[in-house]
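My notes follow the order in which I looked.

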Amino acid sequence: MSEVYRPIGGKLLTRHFYFMGVLVLIGAFFMARRFIFGIGDVANLSDGFPWGIWITYDVVTGTAIACGGYAMALLVYIFNRGQFHPMIRAALLTSVFGYTLAGLSIVIDVGRYWQLYNVFLPQYANLNSVMLEVALCVTLYTLVLWIELSPAILEAMKDNRHLRQVRHALFFFIGLGILLPTMHQSSLGSLLLIAGYKVHPLWQTNIIPLLFLLTAITMGYAMVVFESLYAAVNLDRPIETDLLSKISAIIPWLLILYLVLRISDLVWTGAIAALLKPGPEPLLFVLETALFLYAIVNLLHKERRIRPRVLFWTALATILGGSLYRFDAFLIAYNPGPGWQYFPGVGEILITLAIIAVEIMAYLFFVKKMPILLAARPARLGAKA
Amino acid sequence: MNIDRRAFFKIAAAGAATALCPAPAAARPPKELPPEAVGILYDATLCIGCKACEVACKAENDMPMAHDTPLERAHGVAGTWDADNDLNSRTMTKIKVYTSGTAAVKDREEDGFSFIKRSCMHCVDPNCISACPVSALTKDPFTGVVRYNPDACIGCRYCQLACPFNIPKFEYDKAFPKIVKCQLCPDRLAAGGIPACCDACPTGASLFGRLPDLLTEAHRRLTFKPGEQQQYPVRRLDGDEQRKAEVTGYHPKVYGETESGGTQYLMMAGVPFDKLGLPPVGDTSRAQLSETIQHTLYQGMVAPTLLLGGLVFAVYRRTHAEQEDASEGEESTPEAREGRRDE
């Protein structure tokens with residue numbers, strides 16, 4: 001019954017890996033410039049658009065994409081779907097790097113980074129600040145994620161003593177690891193409440209914490225599917241179609257719940273009228289909804305859901321839809337007033353690309369060197385027992 | 001069979017109920033004006049656009065003037081104009097101008113023009129203060145001035161996102177940047193003086209005073225009829241200096257009386273305020289809404305604690321039995337992790 005995880009081995013320094021390395025070096029150059037000459041030297045941020053892609057992609061979208069560990073833990077431990085347990089480690093791994101690098105992005109984005117520890121000092125704490133809640137929660141969750149992943153690292157190090165200690169306390173960290181994302185993924189949406197009119201009425205709503213939480217969980221499942229298919233294609237792993245199709249079966253229901261909540265809220269508050277106004281915002285709203293509808297329509301059918309191609313495209317549509325929702329709310333449909341505009345600078349984009357490259361390199365390093373992926377699938381784990 | 005799931009739902013429901021029930025009662029009340037609240041009344045109909053306030057502000061705060069080299073070369077003089085055309089990280093107050101059509105008559109909406117002076121509004125219920133995670137922005141408990149403490153600030157710029165008036169500015173061009181905003185000349189106020197911009201204003205367009213008195217003065221002016229000659233106090237409301245001027249007529253509103261829960265910087269003009277570039281803020285502070293929603297969910301951390309208890313309990317029940325197995329069979333099966341299929 002027990003699951004055997006093994007490093008998949010193989011050459012680490014592939015051409016692919018070197019390419020990522022080059023991206024990291026280019027990004028490092030611009031990071032150095034940012035710290036020497038200031039944020040304005042590499043980023044197109046302004047007083048009207050204080051938050052750009054570093055916050056919107058690396059933090060807000062990046063941590064939502066990294067919700068795989070959270071979403072799978074909900075499924076396995078709270079909804080008792082033990083058959084998915086073998087997938088948890090891989091999901092955790094993407095979560096660990098998503099969150100750790102979101103933390104790194106914050107250090108780059110924040111202007112007075114050398115005082116960042118003030119967030120943890122009680123004398124400075126502002127308990128009214130949504131940002132404080134997000135900052136503390138994300139930091140703590142990043143630590144919790146490393147603890148949750150630590151058995152894999154300790155196994156690789158053959159440190160059985162610590163492994164046993166960690167396992168005895170792990171249940172607490174798993175519980176905490178479900179609570180914390182519930183808190184901060186919703187609060188990432190709540191961050192926008194205070195911006196008021198700057199956020200377009202199609203996105204500014206009092207239920208924004210709920211909408212952010214729902215989409216984060218959904219994106220988490222989609223990312224697990226996407227990541228598994230990526231590993232199948234690029235790392236020559238067997239496609240776990242049956243398990244993936246079961247995970248994908250959850251996605252349409254979450255998306256339906258999300259769309260019903262969002263649209264009925266828009267109707268309830270009357271903000272839906274903004275759909276008929278000119279400008280790109282109604283189109284963006286339609287595009288978000290269309291991506292989600294595409295996933296819903298294709299995943300509701302059991303016979304379509306077993307096709308890897310369908311699983312891949314619906315996972316991608318879900319991730320893109322959730323990401324677009326975040327980009328719209330934080331950047332594209334964000335309007336601080338006349339005269340302000342934002343498009344990320346070259347250095348800004350290259351820093352973000354470098355961070356994504358680090359994530360992929362770290363993923364490859366871990367799956368090749370540490371016991372993350374299942375060695376085999378004894379007795380058809382995915383099949384209904 | 002899923003007892004822990006049921007337990008979880010019970011606990012989650014209890015948590016949700018705790019979180020959601022007191023919502024109407026827990027709505028955070030709007031903030032009140034501090035007892036010694038001071039502020040500025042800016043009257044655009046008195047403003048002649050001389051920008052003495054800008055110069056005084058820059059001198060008081062040791063801020064450099066911006067140069068417009070082509071303009072200076074064309075006119076053969078330098079240092080006469082401050083080239084910045086809006087508030088920024090080296091400009092804390094700015095006179096801007098509205099023009100329409102022929103711009104023939106001052107303080108008229110059609111074919112007229114009007115000045116407007118922008119700076120921090122010193123809100124009664126400031127969004128920036130609610131937003132700041134490290135209390136770098138604070139409201140003086142007596143004067144109500146919104147102050148900035150760079151030693152606390154982490155530079156996250158959430159205050160910029162939160163401010164409905166786009167007031168806090170950030171030094172994007174510096175390696176060790178700060179937030180920049182008007183703090184109502186704290187050294188001058190401490191010494192019993194008035195802010196540099198009001199001190200420099202020759203016409204009384206920028207008038208310093210206690211806020212309730214400024215509001216009374218503003219409403220007195222709203223009763224003036226166009227063409228009348230009226231006495232206007234200059235520099236400070238409680239001072240002796242007065243000046244007689246002809247009333248040109250007011251748009252019937254004191255901007256800042258209610259905006260975003262009220263501000264300590266009040267504005268009057270002959271032209272509607274949306275024409276003068278003031279944003280469409282409602283009468284309640286967004287901080288009030290944000291804090292109400294957030295504190296409803298996290299009141300006393302009761303809901304998160306209950307939820308954590310439920311979650312840990314559920315995970316413990318699910319993993320407990322297997323942990324026993326795992327510690328026995330660990331050596332033989334290197335990967336008997338805490339979790340296992342329950343079927």
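I am working from a predicted model, in which local features need pLDDT of at least 70, side-chain atom pairs count only at pLDDT 80 or more, and totals for chains, interfaces and linings use all residues. Residues are numbered from 1 along each chain as its sequence is written, and chains are lettered from A and ligands numbered from 1 in the order in which they are written.

**Chain contact.** I looked up how many residues each chain gives to the contact, where two residues are in contact if their C-beta atoms, placed from the backbone, lie within 7 Å. Chain A gives 65 residues and chain B gives 64. On the side of chain A that touches chain B, the elements giving two or more residues are α1 (15-37), α3 (68-78), α5 and α6 of chain A. Helices here are DSSP runs of H or I with at least four residues, and strands are runs of E with at least two, numbered from the N terminus. The largest share of that side, 13 residues, comes from α6(A). By class, the side of chain A that touches chain B has 39 nonpolar, 20 polar and 6 charged residues. Nonpolar means Ala, Val, Leu, Ile, Met, Phe, Trp, Tyr, Cys and Pro, charged means Asp, Glu, Lys and Arg, and polar means the others, Gly among them.

**α5 and α6 of chain A.** I then checked how α5 (residues 130-157) and α6 (residues 160-190) of chain A pack: their axes come within 8 Å and cross at roughly 150 degrees. The axes are lines fitted to C-alpha atoms, for helices over the stretch in contact, and angles run from 0 to 180 degrees between N-to-C directions. α5(A) and α6(A) are therefore roughly antiparallel, a label for angles over 145 degrees. The contact of α5(A) with α6(A) has 20 nonpolar, 6 polar and 4 charged residues.

**α2 of chain A.** In α2(A), 13 of 13 residues are buried, that is, with 20 or more other C-beta atoms within 10 Å of their own, C-beta atoms being placed from the backbone.

**Asp109(A).** Is Asp109(A) buried or exposed? Asp109(A) counts as buried because it has 25 C-beta neighbours inside 10 Å. Asp109(A) sits in helix α4 (residues 88-109) of chain A and touches Trp54(A) and Ile55(A), leaving out residues up to four places away in sequence. Trp51(A) is 58 residues from Asp109(A) in sequence, yet 8.5 Å away in space, C-alpha to C-alpha.

**Chain B.** I counted 11 helices and 12 strands in chain B. Of its 343 residues, 43% are buried. In helix α3 (residues 52-60) of chain B, the buried residues include Cys53(B), Ala56(B) and Cys57(B). Their cover includes β2 (94-99), β4, α8 (196-200) and β9 (206-210) of chain B.

**Positive phi in chain B.** Asp107(B), in the loop between β3 (105-106) and β4 (112-118) of chain B, has phi near 60 degrees. Leu184(B), in the loop between β8 (179-180) and α7 (186-190) of chain B, has a positive phi of about 55 degrees although it is not a glycine. Leu184(B) is buried, with 27 other C-beta atoms within 10 Å.

How values were computed
Parallel < 35°, antiparallel > 145°, perpendicular 65-115°, else oblique. Buried ≥ 20, exposed ≤ 12 C-beta atoms within 10 Å, placed from the backbone.
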